[in-house]
2 protein chains.
Amino acid sequence: MGRSWWGWGLDEEAVQGQEARELERAVRSFLPEADLTVHDAPAVGSLGLARPRVVVPESLAHVCSVAPVERVAHARGKALRDVVRNLEGVVGPVPDVVAFPEGEADLERLLDWCSGANLAVIAYGGGSSVVGGVEPRVGEGFAGVVTVDLSRMRRVLEVDAVSGAASVQAGVLGPDLEGQLRPHGWSLRHFPQSFEFSSLGGWLATRAGGHFATGPTRIDAMVESLRVVTPAGVAESARVPSSGAGPSPDGVFLGSEGTLGVITQAWMQLRERPRWRSQTSVVFDRFFDGVAAVRALARSGLEPANCRLLDAAEALINAGTSVRGGLLVVGLESADHPQEAAMERVVALCADHGGRVGRVRHSDEAGGGGGREERSARWRSAFVRMPYQRDALVRRSVLVETFETACTWGALEGLHARVVAAAQEAIGQVCGGQGVVTCRLTHAYRDGAAPYFGVYAQGRWGSMVEQWDEIKARVSSAIAECGGTITHHHAVGRDHMRWYAGERPGVFAAGMGALKREVDPAGVLNPGVLWPAGAG
Amino acid sequence: MGRSWWGWGLDEEAVQGQEARELERAVRSFLPEADLTVHDAPAVGSLGLARPRVVVPESLAHVCSVAPVERVAHARGKALRDVVRNLEGVVGPVPDVVAFPEGEADLERLLDWCSGANLAVIAYGGGSSVVGGVEPRVGEGFAGVVTVDLSRMRRVLEVDAVSGAASVQAGVLGPDLEGQLRPHGWSLRHFPQSFEFSSLGGWLATRAGGHFATGPTRIDAMVESLRVVTPAGVAESARVPSSGAGPSPDGVFLGSEGTLGVITQAWMQLRERPRWRSQTSVVFDRFFDGVAAVRALARSGLEPANCRLLDAAEALINAGTSVRGGLLVVGLESADHPQEAAMERVVALCADHGGRVGRVRHSDEAGGGGGREERSARWRSAFVRMPYQRDALVRRSVLVETFETACTWGALEGLHARVVAAAQEAIGQVCGGQGVVTCRLTHAYRDGAAPYFGVYAQGRWGSMVEQWDEIKARVSSAIAECGGTITHHHAVGRDHMRWYAGERPGVFAAGMGALKREVDPAGVLNPGVLWPAGAG
């Protein structure tokens, strides 16, 4: 038992019994003809893993593993295509060595070794990439691959209570981080869906989007300073709340996905745990009435922490609610003052846009959200169950996957129509028509929003990766053609490279390629990700 | 008449008559022995300007000027040391040519010419730099200097009303930009003190801090995409509200101060003009009680648009108010809902920290702040008069200058004490003791604040630049030693290079040097700023 080598999370948390039966019944409602035979993961010993191509130097042996289960568990992220290939026993590129540095000294020695021996280095946090970011598809020309798992660098090193900030090692996973901060009365309040099995370093290296649906939400906004170990030395930015001195040094490393260095520590801005919460849900007969309401909320200055608009299919599948157009789940939170007045204005804005507002709930948790976290804990629990349920469905040959983007409000309606049509058409062709495409808005800005799409379709065991890749390629091209970014918060990795290359400015890419050659002269850091193959 | 070649703004707006007499009386109150003889600027013709070292190609002649008044007017920014040297008739490095491109085609030809002929290129927006950012101290090794004034590229090209965003040419000055946006019902709401004579491109290239005292305030937060002309080609980022695809391309060019390319256009996120405003002022007996109140406000989620804490000297000099510890000017604004309830909480928080809250004023300007802008227009008028008054004082040998930083709340009290002591000690030594050091907090974050210091001291005509440089060097080193950044919003330019070099990570500087060599292979863009001299 423990971490699953082939799928999400912990083996003992896998969907079974009653939960599995309910899931099957739900799938039957929209995929009546699906073959829901359950496929089991093969034993690691049966995979026929090749032996490591490299010998670990004596001085690093104590922090390195060549155990087959570590190597396969670190070979892929957690996308549908990763889980399917694992279940099928399809072995692709696998790291030769998995290293677990205890500190920067170990990490520096690892980078020296890899730079000198021409070994690709893949920094690994929680391993929750859904874009091939940690998969050792590094191309020819490397003598081997060393995946560097930061999980032993997981301590909160210092809490500055006056400033409301903490120095944290990058390998810490979400719950562990919050657990270490709680006794000090602080929280990072960054809760991506991957929260349980993603790390601070991973959030920073992929510019993760988080808890807040409006206002500053990206992990970038919470960074005071970064410490990054590169083959050319350690880069540590000044710890200040905001500086106007030149381009932001942190801005170069945020989102660099392990290609420019390994983020080892960060000073992060913290928040008090919220005491007052107000929440409600709003039903719209037309999805784009809901969109207009969300746009008004994003511009209102009310900054709802939660402001998720689900379309009818999403509401049915993920909230068990039947609506004609959309369901908006909206919540305010504050550590400073009650939210009743603000919620009144939220309600009025939603009604102005044709929404039927449900019961409004207010709560006041004196003491800062200790016991009263229960309800949101239950919601979070459902939220974090989703990846387990995804795995259960995948084992039953259901294609369950998501893709996401962000675009301006002006582009949204056209993008939504075009992308949904592209997805439906692709499902029709590769899955014989049985499938559903859902949409929700996960984050909203003054000038646009991040739509998040779900696909549930009948797969064919043995062809599911090809089926998904075909759907994904078509929707990605549709997104690009309609003015969306290839990713709002899932990063680029290897799977988004084709569209990323078209999205970023060429002059910027050339400049960053030169920067990479300077900080990673041997070109060993996560080859194939972000920068042109020859850039290293 | 028109733009002053030697000082701030318009000749016809210079301080005179009653305003001048009041200013002199105010100075006498704290510099009783000052010699307030008024020094006049010399005629441009008397400066003995050297002839341009270069001949403008025929094809660019129509957008280039070698007129002496253009060359001297573009030779410096608007810091004390710039104005003093101009008034003294001290000629330093002057551009050989001032170019006024009408569009990108002109600009590209200019960059080609300069790259080919080894001419340094200095991008020039409003010319309000106070850090030597536009001064052609480019070192040896260039055949000449071409300053590129973007003022003819000043149009709002497109307004996207659905998304609330506009495509704007970079050369537009503040009032012109707001004037073009007003008929569409939108505002950028970016009002630095230099507003009247600074440009969008300048704000972007220096990561300007703006109107909002709390919450996102830096111009960075309002950018959807940038278009930058570099010697290696045009870089234009995708226009999306937020993307997680790799490091932000805009982040590389924001704050690049003309060293990596010339920003020509940007899609900017806009705001509705506020309708509801609530404001008050709060008196504190101890400055650091006021600091604690500002910290609480910055963490409250109330996001006051104005939240400026003045110390006693600053309150006396700039607000005519006598207080023992501090005066907090706090204001809320919204285009969506009244601010009474939020202001009640502001008042309570201030009272909790020992503040005595003055009269609270609420206003409701139906129609979005048309006529009712009057009061804030008056305040803005006083605010924008300050640079004119600075010039009037400088002409009377008063050392009037500011410096600023940002640091964490935890570092603030120590930094404040040390920096004020360093400034006082320096004034004692270089000005014979007559002088005042003031402090205000201009911007506040959850984790820290931006203190802004003013120096008013008795100068000696003929030695004022050396006097200020000595004070500035000492306070800058004190700031660096106490954990402050060398600049929160004045940029680096040439004058902050010594401290910037110590603040930024060396690995980052090396990487950015490589990036610069890629996008500016001839090394002609604003040499001497940001990147090591040999980087180009």
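**Close-up views of a predicted two-chain model**

**View 1. A salt bridge joins B:Arg446 and A:Glu272.** The closest N and O atoms of this pair are 3.6 Å apart. The model shown here and in every other view is predicted. Across the interface of chain A and chain B, six salt bridges are found. Helix H15 of chain A, residues 506-519, gives ten residues to the side that touches chain B, the largest share of that side. Polar contacts between chain A and chain B number 28 residue pairs.

**View 2. The interface of chain A and chain B buries about 6000 Å².** The size of an interface is often given as the accessible area lost when the parts come together. Of the area buried here, 59% is on carbon and sulfur atoms. Which residues of chain A lose the most area to chain B? They are A:Pro247, A:Arg446 and A:Val507, and together they make up 11% of what that side buries. In terms of contact, 82 residues of chain A meet 82 residues of chain B.

**View 3. Chain A is superposed on chain B by a rotation of 180°.** The shift along the rotation axis is 0.0 Å, and the RMSD is 0.0 Å. The two copies are therefore related as by a two-fold rotation axis. Both copies use the same surface, since 100% of the contact residues of chain A recur in chain B.

**View 4. B:Arg154 and B:Asp176 form a salt bridge within chain B.** The N to O distance between the two side chains is 2.5 Å. B:Arg154 is in the loop between strand S4 (144-149) and strand S5 (156-160) of chain B, and B:Asp176 is in helix H5 (residues 174-181) of chain B, so the pair ties together parts 22 residues apart in sequence. Side chains of opposite charge can pair when their charged atoms come close. Over all chains, the structure holds 64 salt bridges.

**View 5. Residues 91-273 of chain A carry a UniProt feature.** The unreviewed UniProt entry names this feature "domain: FAD-binding PCMH-type". Over residues 91-273, chain A is 19% helix and 27% strand. The end C-alpha atoms of this stretch are 44 Å apart.

**View 6. Chain A is divided into domain 1 (11-152), domain 2 (276-369) and domain 3 (501-535).** How far apart do the C-alpha centres of domain 2 and domain 3 of chain A lie? The distance is 42 Å.

Key:
Residues numbered from 1 in each chain as written. Chains lettered and ligands numbered in written order. Predicted model: local features only at pLDDT ≥ 70, side-chain atom pairs only at ≥ 80, totals over all residues. Heavy atoms only, no water. Least-squares fit on C-alpha atoms with pLDDT ≥ 70 in both. Contact = heavy atoms within 4.5 Å. UniProt positions renumbered as here; feature names shortened; annotations may be inferred. Helix = DSSP H or I, 4+ residues; strand = E, 2+ residues; numbered from the N terminus. Domains from an automatic or database assignment. Buried area = accessible area lost by both parts, 1.4 Å probe. Salt bridge = Lys/Arg side-chain N within 4 Å of Asp/Glu carboxyl O. Polar contact = N/O pair within 3.5 Å; in protein donor to acceptor, adjacent residues only side chain to side chain.
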